[in-house]
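Notebook open. Today I want to look up a couple of helices and some aromatic rings.

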Amino acid sequence: MFSFTVAAIVFGVIFLAELPDKTALASLVLGTRFRASYVFCGIAAAFAVHVALAIAAGSLLTLLPHRWVEGVVALLFLGGAIALLRHGQGEDEDEEGMKTPSSQSFWRVAGSGFTLILVAEFGDLTQIMTANLAARYNDPVSVAVGAVLALWAVAAIGILGGKALMKRVPLPLITKIAAVVMVVMAGVSLYEAIAG
């Protein structure tokens, strides 16, 4: 039976844990570059997969080799920074022009968001917390609903924040800053892979 109380508790815990996470920043960066609805669909699907894995696998996720996951995340962030800089060269500042090229199709943009979040969040704190909450409350449906809604809310805040930022700051500057942020995030992930 579904419990609104459990779902609300899980929502609050996961929302607060995910808000300062690198995923919120990645959502913001993707939101400045691509159509918001495309980005959200990819990220939302990745979070749904993560919650399903957390609920199904429980604490087994903590046994995965954290170093390898962080190494792959570092490479993805570096690749994202390179792609941002290459794509940003010679672009005009027309927002509508940015949204319509065939290279930014729904499947490509949603797939990029899905892949980035799927790998970056694998074995992440919120996924482990979701598994622990599912075990604690013995209510997988309520925990899953609360966790998914919390993760989707954080992604939506990040994406909308990216769109609002783009209205006030020139797109080429956003592109350069986003690339620097992604390089820093890659460095942090690489450090965690080596140190962990």
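Predicted model: local features only at pLDDT ≥ 70, side-chain atom pairs only at ≥ 80, totals over all residues.

These entries go through the helices and then the ring pairs.

Entry one, helix α6. I checked its length. It covers residues 106-120, and at 1.5 Å a residue those 15 residues should span 21 Å. The end C-alpha atoms of α6 are 21 Å apart, so that agrees.

Next I asked which residues of α6 are buried. I got V109, A110, G113, L116, I117 and A120. Looking down the axis of α6, I found the buried residues within an arc of 130 degrees, so they line one face of the helix. On the other side of α6, I noted W107 and R108 as exposed.

How many aromatic pairs does a search of the whole structure find? It finds 5. One of them is F2 with F4, edge-to-face, with 4.9 Å centre to centre and 85 degrees between the planes. F2 is partly exposed at 32% relative accessible area, while F4 counts as exposed at 68%.

I also looked at F106 and W107: the centres are 4.9 Å apart and the planes sit at 80 degrees, so this pair is edge-to-face. F106 is partly exposed at 27%, and W107 counts as exposed at 70%.

How values were computed: Residues numbered from 1 in each chain as written. Heavy atoms only, no water. Helix = DSSP H or I, 4+ residues; strand = E, 2+ residues; numbered from the N terminus. Expected span 1.5 Å × (residues − 1). Buried < 20%, exposed > 50% of the residue type's maximum accessible area, 1.4 Å probe, protein only. Arc of directions from axis to C-beta. Phe/Tyr/Trp six-rings, centres within 6.5 Å; stacked < 30°, edge-to-face > 60°.
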